[in-house]
Amino acid sequence: MLGQDDAEDVVQDALLSAWRSMASFEGTSFRAWIFRIVTNRALDRLRARRRRPELPLDPPAEDDDAVGWAEPAAPGPELADLAADREALRVVEDALAALPAEQRAVLLLRDVEGFAYEEIATITSTEIGTVKSRIHRGRLAVRNILVSRGWKGSGG
Amino acid sequence: MHPFGDLSAYLDGALSPEARTSVQAHLDTCALCRTRLAELRGTARLIAALPMPVPSRSLVPRVSVPVWMTALRTFSTVASAAAIFLFVVSAVTSSLPRLTSTAGAPAAAPAASAPNAALDQTKGRGAATPTPQSSDERGKLLVPSGASASPGAAFSAASTSPGLTENAPSASDAVRRLDVGSPSPDTSAFSVAERTSIAREQAPFNPFPWLWLVLGVAFAALSFILGRRLRSA
Ligand SMILES: [Zn+2]
(Lines give C-alpha, C1' and ligand atoms only; values in the text may rest on other atoms or scores of the structure.)
Protein backbone atom coordinates (compact mmCIF):
# COMPACT_ATOMS: atom_id res chain seq x y z
CA MET A 1 0.00 0.00 0.00
CA LEU A 2 1.32 3.38 -0.98
CA GLY A 3 1.06 6.36 1.31
CA GLN A 4 -0.53 9.61 0.25
CA ASP A 5 2.82 11.14 -0.56
CA ASP A 6 3.82 8.16 -2.68
CA ALA A 7 0.48 8.18 -4.42
CA GLU A 8 0.87 11.82 -5.32
CA ASP A 9 4.39 11.20 -6.52
CA VAL A 10 3.09 8.41 -8.71
CA VAL A 11 0.37 10.56 -10.19
CA GLN A 12 2.77 13.42 -10.83
CA ASP A 13 5.24 11.08 -12.36
CA ALA A 14 2.52 9.49 -14.48
CA LEU A 15 1.15 12.81 -15.66
CA LEU A 16 4.57 13.91 -16.74
CA SER A 17 5.11 10.62 -18.49
CA ALA A 18 1.67 10.82 -20.11
CA TRP A 19 2.37 14.32 -21.30
CA ARG A 20 5.64 13.26 -22.85
CA SER A 21 4.18 10.22 -24.57
CA MET A 22 1.00 11.94 -25.69
CA ALA A 23 1.93 11.31 -29.30
CA SER A 24 1.94 7.57 -28.70
CA PHE A 25 -1.67 7.57 -27.54
CA GLU A 26 -3.72 5.60 -30.01
CA GLY A 27 -6.27 3.69 -27.98
CA THR A 28 -9.96 4.34 -27.94
CA SER A 29 -10.15 5.40 -24.30
CA PHE A 30 -8.00 8.24 -23.12
CA ARG A 31 -9.12 7.53 -19.57
CA ALA A 32 -7.97 3.92 -19.75
CA TRP A 33 -4.67 5.09 -21.18
CA ILE A 34 -4.07 7.47 -18.28
CA PHE A 35 -5.03 4.79 -15.79
CA ARG A 36 -2.70 2.37 -17.44
CA ILE A 37 0.21 4.69 -16.92
CA VAL A 38 -0.73 5.53 -13.35
CA THR A 39 -1.42 1.91 -12.39
CA ASN A 40 1.81 0.66 -13.86
CA ARG A 41 3.79 3.37 -12.12
CA ALA A 42 2.19 2.54 -8.80
CA LEU A 43 2.81 -1.18 -9.17
CA ASP A 44 6.38 -0.56 -10.29
CA ARG A 45 6.95 1.53 -7.23
CA LEU A 46 5.53 -1.17 -4.98
CA ARG A 47 7.69 -3.81 -6.64
CA ALA A 48 10.78 -1.70 -6.24
CA ARG A 49 10.02 -1.20 -2.58
CA ARG A 50 9.57 -4.83 -1.66
CA ARG A 51 12.44 -6.42 0.14
CA ARG A 52 12.23 -9.66 -1.74
CA PRO A 53 11.30 -8.79 -5.29
CA GLU A 54 11.34 -12.43 -6.36
CA LEU A 55 8.04 -12.87 -4.57
CA PRO A 56 5.10 -12.08 -6.78
CA LEU A 57 2.72 -9.43 -5.51
CA ASP A 58 -0.13 -11.71 -6.37
CA PRO A 59 -0.01 -15.18 -4.82
CA PRO A 60 0.06 -17.98 -7.40
CA ALA A 61 -3.34 -18.48 -8.95
CA GLU A 62 -5.29 -21.25 -7.35
CA ASP A 63 -8.64 -22.53 -8.34
CA ASP A 64 -10.92 -19.61 -7.65
CA ASP A 65 -13.55 -21.93 -6.26
CA ALA A 66 -11.04 -23.08 -3.65
CA VAL A 67 -10.98 -19.62 -2.11
CA GLY A 68 -12.99 -19.92 1.05
CA TRP A 69 -16.11 -18.08 1.94
CA ALA A 70 -15.98 -17.15 5.56
CA GLU A 71 -19.11 -17.81 7.48
CA PRO A 72 -20.74 -14.94 9.33
CA ALA A 73 -19.36 -14.38 12.81
CA ALA A 74 -21.38 -15.08 15.85
CA PRO A 75 -23.96 -12.40 16.58
CA GLY A 76 -22.13 -9.15 17.20
CA PRO A 77 -22.40 -5.48 16.38
CA GLU A 78 -23.90 -5.48 12.97
CA LEU A 79 -22.40 -3.28 10.33
CA ALA A 80 -25.07 -1.51 8.42
CA ASP A 81 -24.92 -2.23 4.74
CA LEU A 82 -25.49 1.40 4.00
CA ALA A 83 -22.63 2.72 1.95
CA ALA A 84 -22.57 5.83 4.07
CA ASP A 85 -21.71 3.89 7.21
CA ARG A 86 -18.32 5.11 8.25
CA GLU A 87 -17.47 2.05 10.24
CA ALA A 88 -18.14 -0.22 7.26
CA LEU A 89 -16.10 2.01 4.99
CA ARG A 90 -13.20 1.96 7.39
CA VAL A 91 -13.27 -1.82 7.45
CA VAL A 92 -13.35 -1.90 3.66
CA GLU A 93 -10.38 0.41 3.52
CA ASP A 94 -8.38 -1.78 5.86
CA ALA A 95 -9.38 -4.87 3.95
CA LEU A 96 -8.25 -3.34 0.67
CA ALA A 97 -4.97 -2.31 2.22
CA ALA A 98 -4.31 -5.92 3.16
CA LEU A 99 -4.83 -7.17 -0.40
CA PRO A 100 -2.02 -7.96 -2.80
CA ALA A 101 -1.36 -4.84 -4.86
CA GLU A 102 -2.54 -6.31 -8.16
CA GLN A 103 -5.83 -7.45 -6.66
CA ARG A 104 -6.38 -4.09 -5.08
CA ALA A 105 -5.60 -2.32 -8.35
CA VAL A 106 -8.08 -4.28 -10.45
CA LEU A 107 -10.74 -4.07 -7.78
CA LEU A 108 -10.48 -0.30 -7.63
CA LEU A 109 -10.42 -0.07 -11.42
CA ARG A 110 -13.62 -2.09 -11.49
CA ASP A 111 -15.65 -0.86 -8.52
CA VAL A 112 -14.47 2.72 -8.19
CA GLU A 113 -13.58 3.59 -11.76
CA GLY A 114 -16.13 1.35 -13.45
CA PHE A 115 -13.86 -0.04 -16.16
CA ALA A 116 -14.93 -3.16 -18.05
CA TYR A 117 -12.85 -6.33 -17.63
CA GLU A 118 -11.35 -5.93 -21.08
CA GLU A 119 -10.28 -2.38 -20.33
CA ILE A 120 -8.75 -3.49 -17.05
CA ALA A 121 -6.84 -6.20 -18.89
CA THR A 122 -5.43 -3.50 -21.18
CA ILE A 123 -4.67 -1.15 -18.32
CA THR A 124 -2.82 -3.76 -16.29
CA SER A 125 -1.30 -5.53 -19.30
CA THR A 126 -2.75 -8.90 -18.27
CA GLU A 127 -5.08 -11.56 -19.62
CA ILE A 128 -8.78 -11.09 -19.09
CA GLY A 129 -8.85 -14.39 -17.18
CA THR A 130 -6.33 -12.96 -14.73
CA VAL A 131 -8.47 -9.88 -14.29
CA LYS A 132 -11.52 -11.99 -13.60
CA SER A 133 -9.67 -14.09 -11.06
CA ARG A 134 -8.15 -11.10 -9.27
CA ILE A 135 -11.42 -9.24 -9.02
CA HIS A 136 -13.16 -12.30 -7.68
CA ARG A 137 -10.51 -13.03 -5.09
CA GLY A 138 -10.09 -9.44 -4.03
CA ARG A 139 -13.78 -8.83 -3.63
CA LEU A 140 -14.19 -12.11 -1.78
CA ALA A 141 -11.41 -11.19 0.63
CA VAL A 142 -13.06 -7.88 1.42
CA ARG A 143 -16.38 -9.63 1.81
CA ASN A 144 -14.86 -12.14 4.20
CA ILE A 145 -13.45 -9.43 6.43
CA LEU A 146 -16.75 -7.58 6.45
CA VAL A 147 -18.67 -10.73 7.26
CA SER A 148 -16.23 -11.60 10.03
CA ARG A 149 -17.11 -8.22 11.56
CA GLY A 150 -20.74 -9.13 11.63
CA TRP A 151 -21.69 -7.51 8.37
CA LYS A 152 -24.71 -8.98 6.62
CA GLY A 153 -24.65 -8.39 2.92
CA SER A 154 -28.37 -8.22 2.77
CA GLY A 155 -28.34 -5.21 0.50
CA GLY A 156 -30.28 -5.99 -2.62
CA MET B 1 -22.01 -27.48 -7.83
CA HIS B 2 -22.13 -23.78 -6.95
CA PRO B 3 -20.59 -21.43 -9.50
CA PHE B 4 -18.92 -19.31 -6.79
CA GLY B 5 -15.98 -18.41 -8.99
CA ASP B 6 -18.27 -16.82 -11.57
CA LEU B 7 -20.42 -14.78 -9.25
CA SER B 8 -18.26 -11.63 -9.36
CA ALA B 9 -18.01 -11.77 -13.13
CA TYR B 10 -21.75 -12.38 -13.29
CA LEU B 11 -22.29 -9.33 -11.10
CA ASP B 12 -20.08 -7.29 -13.41
CA GLY B 13 -21.76 -8.55 -16.55
CA ALA B 14 -18.46 -9.96 -17.74
CA LEU B 15 -19.54 -13.53 -18.46
CA SER B 16 -20.06 -15.00 -21.89
CA PRO B 17 -23.73 -15.38 -22.85
CA GLU B 18 -23.69 -19.13 -22.21
CA ALA B 19 -22.01 -18.89 -18.82
CA ARG B 20 -24.36 -16.13 -17.90
CA THR B 21 -27.42 -18.20 -18.73
CA SER B 22 -26.00 -21.09 -16.77
CA VAL B 23 -25.34 -19.01 -13.62
CA GLN B 24 -28.74 -17.41 -13.96
CA ALA B 25 -30.37 -20.82 -14.00
CA HIS B 26 -28.44 -21.90 -10.90
CA LEU B 27 -29.32 -18.74 -8.97
CA ASP B 28 -32.98 -19.42 -9.58
CA THR B 29 -32.67 -22.66 -7.63
CA CYS B 30 -29.89 -21.90 -5.03
CA ALA B 31 -30.52 -19.63 -2.08
CA LEU B 32 -26.89 -19.83 -0.92
CA CYS B 33 -25.59 -18.48 -4.22
CA ARG B 34 -28.16 -15.69 -4.13
CA THR B 35 -26.87 -14.72 -0.68
CA ARG B 36 -23.26 -14.84 -1.91
CA LEU B 37 -24.15 -12.71 -4.89
CA ALA B 38 -25.87 -10.18 -2.63
CA GLU B 39 -22.81 -10.05 -0.39
CA LEU B 40 -20.53 -9.45 -3.34
CA ARG B 41 -22.82 -6.72 -4.64
CA GLY B 42 -22.84 -5.07 -1.23
CA THR B 43 -19.05 -5.31 -1.05
CA ALA B 44 -18.65 -3.73 -4.48
CA ARG B 45 -20.96 -0.90 -3.44
CA LEU B 46 -18.97 -0.25 -0.28
CA ILE B 47 -15.75 -0.16 -2.26
CA ALA B 48 -17.34 2.24 -4.74
CA ALA B 49 -18.44 4.46 -1.86
CA LEU B 50 -14.94 4.85 -0.43
CA PRO B 51 -14.09 8.48 0.08
CA MET B 52 -11.64 9.75 -2.49
CA PRO B 53 -8.38 10.97 -1.02
CA VAL B 54 -7.87 14.61 -1.79
CA PRO B 55 -4.42 15.44 -3.09
CA SER B 56 -2.53 17.51 -0.58
CA ARG B 57 -0.53 19.26 -3.27
CA SER B 58 -0.68 20.12 -6.92
CA LEU B 59 -0.36 17.05 -9.10
CA VAL B 60 0.85 18.98 -12.09
CA PRO B 61 4.43 17.84 -12.51
CA ARG B 62 6.94 20.39 -11.36
CA VAL B 63 9.87 20.70 -13.66
CA SER B 64 13.05 21.87 -12.07
CA VAL B 65 14.40 24.77 -14.04
CA PRO B 66 17.62 26.60 -13.32
CA VAL B 67 16.87 29.75 -11.37
CA TRP B 68 18.97 31.90 -13.67
CA MET B 69 16.78 30.88 -16.58
CA THR B 70 13.56 32.18 -15.06
CA ALA B 71 15.33 35.23 -13.71
CA LEU B 72 16.91 36.02 -17.05
CA ARG B 73 13.61 35.56 -18.80
CA THR B 74 11.87 37.94 -16.45
CA PHE B 75 14.67 40.44 -16.90
CA SER B 76 14.45 40.08 -20.67
CA THR B 77 10.74 40.67 -20.69
CA VAL B 78 11.07 43.78 -18.58
CA ALA B 79 14.06 44.99 -20.56
CA SER B 80 12.33 44.57 -23.89
CA ALA B 81 9.32 46.48 -22.64
CA ALA B 82 11.57 49.23 -21.29
CA ALA B 83 13.64 49.41 -24.48
CA ILE B 84 10.60 49.65 -26.70
CA PHE B 85 9.16 52.30 -24.42
CA LEU B 86 12.42 54.22 -24.69
CA PHE B 87 12.26 53.86 -28.46
CA VAL B 88 8.86 55.53 -28.51
CA VAL B 89 9.92 58.25 -26.10
CA SER B 90 13.14 59.09 -27.89
CA ALA B 91 11.50 58.89 -31.27
CA VAL B 92 8.89 61.40 -30.16
CA THR B 93 11.27 63.76 -28.39
CA SER B 94 13.85 63.72 -31.15
CA SER B 95 11.24 64.54 -33.73
CA LEU B 96 10.10 67.64 -31.81
CA PRO B 97 13.33 69.67 -32.23
CA ARG B 98 13.43 68.79 -35.89
CA LEU B 99 10.08 70.48 -36.26
CA THR B 100 11.28 73.64 -34.54
CA SER B 101 14.59 73.66 -36.39
CA THR B 102 12.80 74.36 -39.65
CA ALA B 103 12.60 77.95 -38.40
CA GLY B 104 16.39 78.15 -38.74
CA ALA B 105 19.01 79.83 -36.56
CA PRO B 106 16.88 82.77 -35.37
CA ALA B 107 14.44 80.34 -33.83
CA ALA B 108 17.24 78.99 -31.68
CA ALA B 109 17.14 81.96 -29.35
CA PRO B 110 13.51 81.65 -28.25
CA ALA B 111 13.97 77.95 -27.81
CA ALA B 112 17.02 78.52 -25.65
CA SER B 113 15.16 81.01 -23.48
CA ALA B 114 13.64 78.08 -21.66
CA PRO B 115 16.77 76.22 -20.51
CA ASN B 116 14.99 74.28 -17.83
CA ALA B 117 12.74 72.68 -20.35
CA ALA B 118 15.69 71.65 -22.43
CA LEU B 119 17.45 70.25 -19.40
CA ASP B 120 14.38 68.29 -18.45
CA GLN B 121 14.19 66.94 -21.91
CA THR B 122 17.72 65.66 -21.99
CA LYS B 123 17.40 64.24 -18.49
CA GLY B 124 14.23 62.47 -19.37
CA ARG B 125 15.96 60.73 -22.17
CA GLY B 126 18.35 59.16 -19.69
CA ALA B 127 21.19 58.40 -22.03
CA ALA B 128 21.45 62.01 -23.10
CA THR B 129 20.57 61.81 -26.73
CA PRO B 130 21.50 65.20 -28.01
CA THR B 131 19.31 67.09 -30.35
CA PRO B 132 19.85 70.24 -32.30
CA GLN B 133 17.89 72.02 -29.63
CA SER B 134 20.13 70.84 -26.85
CA SER B 135 23.11 71.86 -28.93
CA ASP B 136 21.61 75.29 -29.09
CA GLU B 137 21.15 75.18 -25.39
CA ARG B 138 24.75 74.31 -24.79
CA GLY B 139 25.78 77.08 -27.14
CA LYS B 140 23.78 79.64 -25.21
CA LEU B 141 25.17 78.42 -21.95
CA LEU B 142 28.65 78.84 -23.31
CA VAL B 143 28.10 82.42 -24.33
CA PRO B 144 28.08 83.95 -20.82
CA SER B 145 31.58 82.59 -20.30
CA GLY B 146 32.70 84.99 -22.95
CA ALA B 147 35.05 84.46 -25.82
CA SER B 148 37.40 82.54 -23.62
CA ALA B 149 36.90 78.91 -24.41
CA SER B 150 36.43 75.99 -22.01
CA PRO B 151 36.59 72.22 -22.12
CA GLY B 152 32.85 72.21 -22.45
CA ALA B 153 33.12 74.46 -25.42
CA ALA B 154 35.85 72.31 -26.82
CA PHE B 155 33.63 69.34 -26.48
CA SER B 156 30.86 71.21 -28.16
CA ALA B 157 33.10 72.06 -31.02
CA ALA B 158 34.34 68.53 -31.27
CA SER B 159 30.81 67.29 -31.23
CA THR B 160 30.12 69.12 -34.40
CA SER B 161 32.53 66.85 -36.23
CA PRO B 162 30.83 64.02 -38.07
CA GLY B 163 29.73 61.02 -36.06
CA LEU B 164 30.52 62.45 -32.66
CA THR B 165 27.35 64.40 -32.24
CA GLU B 166 25.61 61.60 -30.45
CA ASN B 167 28.29 61.38 -27.82
CA ALA B 168 27.97 64.95 -26.66
CA PRO B 169 27.42 65.17 -22.92
CA SER B 170 24.21 66.45 -21.50
CA ALA B 171 23.71 70.14 -21.02
CA SER B 172 24.27 69.81 -17.31
CA ASP B 173 27.61 68.17 -17.98
CA ALA B 174 28.53 71.10 -20.15
CA VAL B 175 27.67 73.47 -17.35
CA ARG B 176 29.81 71.53 -14.90
CA ARG B 177 32.71 71.62 -17.30
CA LEU B 178 32.33 75.37 -17.60
CA ASP B 179 33.14 75.66 -13.90
CA VAL B 180 36.44 73.90 -14.35
CA GLY B 181 37.31 76.27 -17.11
CA SER B 182 40.59 75.98 -18.95
CA PRO B 183 41.32 77.78 -22.22
CA SER B 184 41.13 76.07 -25.52
CA PRO B 185 41.82 77.91 -28.72
CA ASP B 186 39.71 76.34 -31.42
CA THR B 187 36.19 76.94 -30.24
CA SER B 188 36.03 80.62 -30.96
CA ALA B 189 36.28 79.75 -34.60
CA PHE B 190 32.59 78.93 -34.70
CA SER B 191 29.77 81.12 -33.70
CA VAL B 192 26.91 79.51 -31.83
CA ALA B 193 24.69 79.76 -34.86
CA GLU B 194 27.30 78.12 -37.04
CA ARG B 195 27.80 75.30 -34.63
CA THR B 196 24.13 74.54 -34.34
CA SER B 197 23.60 74.61 -38.05
CA ILE B 198 26.54 72.27 -38.59
CA ALA B 199 25.21 69.97 -35.93
CA ARG B 200 21.86 70.02 -37.61
CA GLU B 201 23.27 69.18 -40.99
CA GLN B 202 25.51 66.40 -39.78
CA ALA B 203 22.91 64.75 -37.59
CA PRO B 204 19.88 64.81 -39.78
CA PHE B 205 18.52 61.88 -37.90
CA ASN B 206 19.08 60.56 -34.44
CA PRO B 207 20.12 56.87 -34.43
CA PHE B 208 19.27 56.39 -30.74
CA PRO B 209 15.60 55.60 -31.13
CA TRP B 210 16.53 52.76 -33.44
CA LEU B 211 19.12 51.48 -31.01
CA TRP B 212 16.39 51.21 -28.39
CA LEU B 213 14.11 49.43 -30.79
CA VAL B 214 16.79 46.94 -31.76
CA LEU B 215 17.56 46.34 -28.07
CA GLY B 216 13.89 45.85 -27.38
CA VAL B 217 13.50 43.32 -30.16
CA ALA B 218 16.66 41.53 -29.06
CA PHE B 219 15.43 41.24 -25.46
CA ALA B 220 12.01 40.13 -26.62
CA ALA B 221 13.61 37.40 -28.73
CA LEU B 222 15.77 36.30 -25.81
CA SER B 223 12.73 36.19 -23.56
CA PHE B 224 10.82 34.18 -26.14
CA ILE B 225 13.62 31.66 -26.58
CA LEU B 226 14.03 31.22 -22.83
CA GLY B 227 10.29 30.84 -22.48
CA ARG B 228 10.31 27.99 -24.96
CA ARG B 229 13.20 26.34 -23.20
CA LEU B 230 11.34 26.59 -19.91
CA ARG B 231 8.29 24.96 -21.41
CA SER B 232 10.17 22.13 -23.09
CA ALA B 233 12.44 21.41 -20.14
ZN1 LIG C 1 -25.35 -22.36 -5.50
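Predicted model: local features only at pLDDT ≥ 70, side-chain atom pairs only at ≥ 80, totals over all residues.
**Zinc site**

The zinc ion is held by four residues of chain B, with donor distances of 1.9 to 2.3 Å; the donor atoms are listed below.

| Donor residue | Donor atom |
|---|---|
| His2(B) | ND1 |
| His26(B) | NE2 |
| Cys30(B) | SG |
| Cys33(B) | SG |

Because the angles that the four donor atoms subtend at the zinc ion run from 100 to 116°, the arrangement is tetrahedral. For comparison, the ideal angle for four tetrahedral donors is 109.5 degrees. Along the sequence the donor residues follow the spacing H-x23-H-x3-C-x2-C, and two of them, His26(B) and Cys30(B), are buried.

**Nonpolar core**

The largest nonpolar core has 38 residues, among which Val92(A), Leu96(A), Val142(A) and Leu7(B) touch the most other members. At least two residues of this core come from each of helices H3 (86-97), H4 (101-111), H5 (117-123) and H6 (128-148) of chain A, and likewise from each of helices H1 (4-11), H2 (17-29) and H3 (31-48) of chain B. Beyond its neighbours within four places in sequence, Leu7(B) is in contact with Trp69(A) from the other chain and, within chain B, with Val23(B), Leu27(B), Cys33(B), Arg36(B), Leu37(B) and Leu40(B). One of these contacts, Cys33(B), is also a donor to the zinc ion through its SG atom.

**Interface of the two chains**

Contacts between the chains involve 36 residues of chain B and 39 residues of chain A. Together the two chains bury about 3300 Å², of which 61% lies on carbon and sulfur atoms. Four salt bridges are found across this interface; separately, Asp12(B) forms a salt bridge with Arg139(A), in which the closest N and O atoms are 3.0 Å apart.

**Two helices**

Which helix of chain A has 10 of its 11 residues buried? This is H4(A), which is mostly covered, and its buried residues include Ala101(A), Glu102(A), Arg104(A), Leu107(A) and Asp111(A). The cover over the buried residues of H4(A) includes helix H2 (30-49), H3, H5 and H6 of chain A, as well as H3 of chain B.

In chain B, Ala81(B) belongs to helix H4 (residues 67-101). Ala81(B) has a relative accessible area of 49% and is therefore partly exposed, given that the exposed class begins over 50%. Although Ala81(B) and Leu215(B) are 134 residues apart along the chain, their C-alpha atoms are separated by 9.9 Å.

Notes
Residues numbered from 1 in each chain as written. Chains lettered and ligands numbered in written order. Heavy atoms only, no water. Donors = N, O, S within 2.8 Å, 3.2 Å for Na, K, Ca; no water. Tetrahedral: all angles 85-135°; square planar, octahedral: opposite > 155°, others 65-115°. Buried < 20%, exposed > 50% of the residue type's maximum accessible area, 1.4 Å probe, protein only. Core = buried A, V, L, I, M, F, W, Y, C linked by side-chain atoms within 4.5 Å. Helix = DSSP H or I, 4+ residues; strand = E, 2+ residues; numbered from the N terminus. Contact = heavy atoms within 4.5 Å. Buried area = accessible area lost by both parts, 1.4 Å probe. Salt bridge = Lys/Arg side-chain N within 4 Å of Asp/Glu carboxyl O.
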